[in-house]
Amino acid sequence: MRTVIKWFLMLVLLSLHIVLVGVVNYSFPSYDVTNITSGDVRRVDKDGVISASNPADGEIRDVYYLFTSNNATEKAIQYRNDNTGWGYPFYFKFNSGEIQARAMAFAEKKQTVQIKYYGWNAPMFNEERKLVSVQAFNEGDSKSLPIVSYILYAFFALTFFLGLQFIRGWFDSGK
């Protein structure tokens with residue numbers, strides 16, 4: 001019975017750390033170096049994009065989208081440029097229109113940009129990366145790294161290892 005409880009606690013510890021790493025990976029910023037190809041504005045409500053099959057039934061707002069193409073990988077990615085307001089994650093972003101205008105100026109010049117974003121790109125779940133900021137990226141510049149995320153990943157790896165050692169020591173000391 002002690003072995004079953006020990007393995008159950010290890011599984012709970014693993015599950016907790018997987019969720020924590022997922023929250024950090026989703027919420028904290030990441031960076032892409034890419035070229036903006038175009039942009040779009042769509043009217044949305046609480047149910048998503050307004051269309052014939054999804055008529056407006058509530059508060060309506062404009063959401064901006066950026067479409068990018070990476071020359072090195074030939075990978076096209078869509079970014080959602082929306083205000084986060086006061087909600088989670090706490091980027092306090094209220095200037096999505098200004099960011100969209102700046103991004104379209106970069107697109108006209110065919111300037112390579114660095115995009116700061118959070119979230120995941122999962123088209124199957126109607127989930128796209130959320131844009132936080134756009135900056136010009138010049139030839140000699142180095143890509144920004146999500147250092148805080150790396151520190152938190154290392155911290156979670158350490159706490160996972162120490163938690164496993166604690167559970168093993170606690171149950172193996174009773175033999």
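This is a short talk on the overall form of one protein chain and on the surroundings of two of its residues.

The model is a predicted one, in which local features need pLDDT of at least 70, side-chain atom pairs count only at pLDDT 80 or more, and totals for chains, interfaces and linings use all residues. Residues are numbered from 1 along each chain as its sequence is written, and side-chain values use heavy atoms, with hydrogens and water left out.

Let me begin with the chain as a whole. The protein chain has 3 helices and 6 strands, where helices (H or I, at least four residues) and strands (E, at least two) are DSSP runs numbered from the N terminus, and their order along the sequence is α-β-β-β-β-α-β-β-α. The radius of gyration, taken over C-alpha atoms, is 21 Å, well over the 16 Å that the globule rule gives for 175 residues, so the chain is more spread out than a compact globule; that rule is 2.2 Å times the number of residues to the power 0.38. Along the principal axes, the C-alpha atoms fill a box of roughly 70 × 50 × 30 Å. Of the 175 residues, 30% are buried, meaning under 20% relative accessible area with a 1.4 Å probe, protein chains only.

What does Asp82 touch, leaving aside its neighbours within four places in sequence? Asp82, in the loop between β4 (75-81) and α2 (96-109), is in contact (heavy atoms within 4.5 Å) with Arg61, Asp62, Val63, Lys93 and Ser96. Asp82 is buried, at a relative accessible area of 15%, and its side chain makes polar contacts with the side chains of Arg61, at 2.7 Å, and of Arg80, at 3.3 Å. By polar contact I mean a pair of N or O atoms within 3.5 Å, where within protein one must be able to donate a hydrogen and the other to accept it, and residues adjacent in sequence count only if both atoms are side-chain atoms.

I turn now to Arg129, which is found in strand β6 (residues 129-136) and is buried, with a relative accessible area of 14%. Its side chain is joined to that of Asp32 by a polar contact of 2.6 Å. Not counting residues up to four places away in sequence, Arg129 touches a list of residues that includes Asp32, Ile77, Arg80, Tyr117 and Trp120. Arg80, then, is a residue touched by Arg129 and also a polar partner of Asp82. Finally, the C-alpha atoms of Arg129 and Phe166, 37 residues apart along the chain, are separated by 38 Å.

Note on methods. Buried < 20%, exposed > 50% of the residue type's maximum accessible area, 1.4 Å probe, protein only.
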